[in-house]
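Try each task before you read its solution.

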Amino acid sequence: MRKNYLLTPGPTPLPPEVCQALGKPIIHHRTPQFQAILKEAGEGLKYVFQTQNDVFILTSSGTGAMEAAVANLLSPQDTAITVEGGKFGERWTELCKAYGVGAEVIKVEWGKVVDPSEIEKRLQANPGIKAVFTTLCETSTGVATDIEAIGKIVAKYKAVLVVDAISGLGAIDLKADAWGVDVCVSGSQKGFMLPPGLAFISVSKKAWDLVSASKNPRYYFDLTTARKALQKTDTPFTPAISLVIALVEVLRMMKQEGLENIFKRHSLMASATKSAMKALGLELFAPSAPSEAVTAVNVPAGIDGEKLVKTMRDVYGVTIAGGQSELKGKVFRFAHMGFIEEFDIIAGISCLEKVLKEMGYAFELGAGVKAAEEVFSKK
Ligand SMILES: *Cc1c(COP(=O)(O)O)cnc(C)c1O
C-alpha cells in the first residue's frame with residue numbers, strides 16, 4: 001500500500017469534486033443541457049482570466065492554444081518577438097518557425113527574467129512587428145514575468161501581446177484586460193486542477209483585427225469558426241464533454257474561494273517552500289523573479305539530481321519534477337499550484353529531507369519542515 005503525492009507543475013492533483021464530476025454519465029453536446037454548462041464555463045473562465053473578452057475552450061493540451069494563437073494571428077513572413085527564457089519560451093519560437101513567421105528572439109539567461117525595456121527597444125526598431133509572445137510563469141525555470149509592465153509597453157504599439165499563462169493562471173495574478181493582454185492562453189492540468197485535455201484562449205478586439213488579416217493555414221484551431229459556434233453557445237467539434245463538466249465544478253470552487261484568496265494561498269505555499277529550501281541550505285535557481293506557482297531549486301553539489309527525483313517518486317510516492325533540457329539533473333522543481341495546501345507542502349518537504357539524508361547530504365533533519373511550519377503558523 002502506498003499513497004501518492006503529486007507536486008509537479010502539471011498535471012496537478014484533482015479535488016474530489018472534480019473526480020466526482022468526471023464520473024458522471026456522458027451527455028450529448030448539442031443539447032440545451034450542455035449549452036447551459038458551456039455558458040457557465042465561459043462566464044467562469046472570464047472571471048479567472050479577468051477579461052470581458054470571449055474565452056474559447058479547445059480540446060487539446062495547452063500547446064494547442066499556443067498553436068491557435070500563432071496560426072490565427074499571423075501570416076507567413078510576418079515578424080513577431082518571442083521571449084526565450086526557458087523551454088516554454090522556446091516553444092513560441094518553434095511555433096513561429098513552423099508557420100513561416102520570423103521570430104525576433106529575445107534570449108534571456110535561464111533563471112533570469114526579461115527586462116521589459118528590451119521589448120520596447122525591439123518594437124521601436126521594428127514597427128512592423130505584429131505580436132509579442134511571452135510566458136507568465138516559465139515553468140522550466142520557476143521565473144515569473146512582469147506581464148503588467150510588458151502590457152503597458154506593447155499597448156503603445158501595433159503589436160498584440162500574447163501570454164502563455166498555461167502554468168500561471170489560477171495560481172498567480174494576471175489581469176488580462178487591465179494589463180493589456182490581447183491573447184491569453186492556458187490549459188486545464190495546472191492551476192485549473194483538472195486532468196489534461198482542455199486548452200483556453202482569450203482574444204481581444206485588437207487581436208481579432210489581426211485574425212481577420214491572418215493568412216496562416218488552420219482548420220481544427222480556427223478561432224473564427226470557434227467564434228461563430230460560440231455565438232450559438234456551441235463548439236465547432238465534439239468538445240471533451242466530461243472535462244467541460246468538471247471545469248464548471250472547478251470554476252465554482254475558484255469563484256467561491258475568490259481570486260484574491262487563491263493568489264494569497266499560492267503565495268503562502270511558495271513562501272513556506274522557499275523558506276524550507278533555505279533552511280536546508282539549498283539555493284533557489286531563480287531568486288530574482290521567483291514564481292509563486294513552482295519553485296526551482298539547485299541540486300546541491302555531490303547529489304545526483306535525477307536520482308533524487310526518482311527516489312522520492314518510486315520509493316516514497318512523492319512526485320516532484322526534475323530539470324528540463326539544459327537543467328536536467330541540475331535543478332528540481334517543487335510545484336505548489338492548484339489543489340495544494342499546507343500539509344501537501346509539509347509532506348513534500350519531509351520526503352525531500354528523507355531522500356537528501358539517504359543520499360548523504362549534510363543538514364539537520366527536520367529543518368525544512370520546521371521552517372515551513374513556522375511560515376504557516378505565522379500566516
Ligand atoms: C505545461 C506548460 C506548457 C505545455 O502545456 P501542454 O499542456 O503540455 O501542451 C506550456 N507552457 C507552459 C508555461 C507550461 O507550464
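A polar contact here is a pair of N or O atoms within 3.5 Å; within protein, one must be able to donate a hydrogen and the other to accept it, and residues adjacent in sequence count only if both atoms are side-chain atoms. This is a predicted model, in which local features need pLDDT of at least 70 and side-chain atom pairs count only at pLDDT 80 or more, while totals for chains, interfaces and linings use all residues. Residues are numbered from 1 along each chain as its sequence is written, and side-chain values use heavy atoms, with hydrogens and water left out.

**Exercise 1. Find the polar contacts of the ligand and describe its shell.**

Step 1. Start with Lys-190, whose side chain places a polar atom 2.7 Å from a ligand oxygen. Thr-63 has a side-chain N or O atom 2.5 Å from an oxygen of the ligand.

Step 2. How much of the ligand's accessible area does the protein cover? On its own the ligand has 380 Å², and the protein covers 89% of that (Shrake-Rupley method, 1.4 Å probe; for residues, only the protein chains shown count as cover).

Step 3. Now assign the shell to elements, taking helices (H or I, at least four residues) and strands (E, at least two) as DSSP runs numbered from the N terminus. Two or more residues each come from α3 (62-73) and α4 (87-98), and α3 gives the largest share, three residues.

Step 4. Count the shell: 14 residues surround the ligand, with Ser-61 and Thr-139 also among the closest (a heavy atom within 4 Å).

**Exercise 2. Describe how two pairs of helices pack.**

Step 1. Axes are lines fitted to C-alpha atoms, for helices over the stretch in contact, with angles from 0 to 180 degrees between N-to-C directions. α3 and α4 pack at about 45 degrees, their axes 10 Å apart.

Step 2. Angles under 35 degrees count as roughly parallel, over 145 as roughly antiparallel, 65 to 115 as roughly perpendicular and the rest as oblique. α3 is therefore oblique to α4.

Step 3. For α5 (residues 116-125) and α6 (residues 147-154), the angle is about 20 degrees and the axes are 9 Å apart, so these helices are roughly parallel.

**Exercise 3. Locate two backbone features.**

Step 1. Which peptide bond is cis, with omega near -5 degrees? The bond from Gly-10 to Pro-11 is, and Pro-11 sits in the loop between β1 (5-6) and α1 (16-22).

Step 2. Gln-77 has a positive phi, near 80 degrees. Gln-77 belongs to the loop between α3 and β3 (79-84).
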